[in-house]
Amino acid sequence: MTKRELITPAATKDLYLPVMAEITDVRQMTPLEKLFEIRLPGGADLGHRPGQFVEVSLFGVGEAPISISSSPTKKGAFDLGIRKVGMLTEMIHRMQPGERVGIRGPFGSGFDMAKFKGKDVLVVAGGIGLVPLRSLINYVLDNRADFGRLVICYGSKSDTELLFEDERRLWERDPRVEFHLTVDHGSPAWQGRTGVITTLIPGLDLDLPNTVACVCGPPIMYRFVLLALKSKRLPEENIYMSLERRMKCGVGKCGHCQINGSYVCQDGPVYHYPDIKALREAL
Amino acid sequence: MARFYLEKGKVAAFIAHLQSQKTVYAPHRKGRNAFAFAPVERPEDVVLDYPRTVSSIKKYFLPAREELLSFNLVENTCAQPAVAPLDAVFLGVHSYDVHAVLKLDHNFVAGNPERNYLTRRQGALIVGVGFTPDRFHFSGSVGIPAGDTTGCDLFLHPCEGGYALEALTPGGEGLLAGFPLPAHAAGLPAAAPFHQHIYVPQAKLKDVLAHGYDSEVWEEEAEKCTSCGTCNLVCPTCYCFDVEDAVDITVTRGSRERHWDGCLLRSFTEVAGGEVFREEPADRQRHRVFRKFKYISDETGEPWCVGCGRCTASCTAGISIVSIVNRLVNDYDAVKA
Ligand code: SF4
Ligand code: SF4
């Protein structure tokens, strides 16, 4: 090991210091999920890409990685879709507009939207996978002329867990969006399609070489969606996926989010499929 | 640079001379057979001939527990506690532990440089010392001979009647000012041999590890492993941490603390909702060994294990990283032969 030059401490950034941001709106989406609108001091731009995340903290409770749910085209504030799964998120769910949370980030790779210019975009969202992908969907809609078709496949466990009700209705009606929805198990009132998300894929009519697929969902979903996309003959290099791991520090130090040798908080959570297909722990 | 002769009888005076300039940390006996780095109070308590310390000097740059933020819960504000630079000399450090610090330097500078670590690290001077390898050391197999002086400011080579004291940097020379010593003209005695070896040239390790991903060794070793995480805690190149908030009893103040964590613990990859991404002990054992010999090594071209032998010496299940790697080497050779 050769000795390396140490950087002077003065040249380092405040890696662990959150910025205090105000909750400006709270919307209940499902019994478990709420959508929070957050405003940084002075309405400063978060400066994120679709697919990135922030670390949200409540002092004395903890910090957790949360995907950013709004498009960078939304100015003055950003959205976080938060599922109640533990102590921290439960406390956040009790918060009201006007209260403040700590924010660090944005972190991670995100989707490189410039690369998708002129392409058809296929969104495959399972469950809360729609939360980060909503950022990408709205980005495409706000820059509609830059992209080809926008095809959304959204699958949910049941119709009672469907997210973003208002926007979903808009997408359903919007002629610029091809929206497909299915639920694993519908309630008696459910009139739509039932079946797992992969059943939506075979019927799609895609311009394969010109389509990029952006996939996000629960861990078990990826393998099956990949199989479906591959049997459709979508080229591997057209597939991008956002993976969940335990991200703690967000700055590539704490080690928790590693998939084999890759730090998800740095190289991911959005990965180009050819880059991770050899990583055995990825999918 | 110059080499001096420090006879045994003058060692205590030499330590006192260092103490007159900086805080000195050195190995001390703890209990019957354990050694630990501690601030020196009395020079005669320092033990320079020791097999290994329980923890390396990593604990001074990356403390086992440290406050990252302090909170005022009434005002809902937070602040970063000031980190005090270490104006210190680390005396009697074995070569492998110096290399471990250089590796940590890499981890804490690369990507996002971390202020807390660098603040503590920047003022530290290191006085290395040679050692006699015991049945656990294998640093020679990972490119670190027992007398290797890389990263040291001064080095004490054990020799007849005392030490050949080698000055390696201006900082090291500065420590010697005002402490006249005779020159050491004789050659250095050959470093003592190792009794543990990884039987593979470093260049081949990359292929060996890649080939070993599906080896049966992971299952076999994992069967014995209790996932206690000790191997992580004692390792001088492990730097993973967890972060937790604590609230004081008045509920008006609190802090965000980080503490060492270990990839052998099942909770290490657990996300909210309960999913664990390396569920099996075998997956976690592989991750540890790959962290030491593959992932960072593929980028930097060198092992991230320094061969201190601590993990093997302290594993209650008797799991040996040398046996694991040698098993992978054998499997590889058997297939490629
Ligand atoms: S010290 Fe041994 S038993 Fe404990 S986690 Fe490490 S390998 Fe397993
Ligand atoms: S892996 Fe074991 S032998 Fe290697 S540096 Fe860590 S504790 Fe020492």
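A:G192 is placed in the loop of chain A that runs between β9 (178-185) and β10 (193-194), strands being DSSP runs of E with at least two residues and helices runs of H or I with at least four, both numbered from the N terminus. With a relative accessible area of 40%, A:G192 is partly exposed, a class that lies between buried (under 20% relative accessible area) and exposed (over 50%), as calculated with a 1.4 Å probe on protein chains only. The C-alpha atom of A:G192 is separated by 38 Å from that of A:V101, a residue 91 residues apart from it along the chain. The model is predicted, and local features accordingly need pLDDT of at least 70, side-chain atom pairs count only at pLDDT 80 or more, and totals for chains, interfaces and linings use all residues. Residues are numbered from 1 along each chain as its sequence is written, chains are lettered from A and ligands numbered from 1 in the order in which they are written, and side-chain values use heavy atoms, with hydrogens and water left out.

Chain A is divided into domain 1 (14-107) and domain 2 (113-242), with bounds that come from an automatic or database domain assignment; the C-alpha centres of these two domains lie 24 Å apart. In chain A, 19 residues of domain 1 are in contact with 17 residues of domain 2, contact meaning heavy atoms within 4.5 Å. The area buried between the two domains of chain A is about 1300 Å², of which 58% is given by carbon and sulfur atoms; buried area here is the accessible area (1.4 Å probe) that two parts lose on being put together, summed over both.

Across this interface of domain 1 and domain 2 of chain A, 2 salt bridges are found, defined by a side-chain nitrogen of Lys or Arg within 4 Å of a carboxyl oxygen of Asp or Glu. The side chains of A:D79 and A:R134 meet in a salt bridge, at 3.0 Å from N to O. On the side of domain 1 of chain A that touches domain 2, the elements giving two or more residues are β2 (33-39) and β5 (78-83), and the largest share, 3 residues, comes from β5(A).

In chain B, B:R121 belongs to helix α4 (residues 115-121) and is buried, with a relative accessible area of 5%. Residues touched by B:R121, not counting those up to four places away in sequence, are A:L6, B:F61, B:V101, B:L102 and B:D105.
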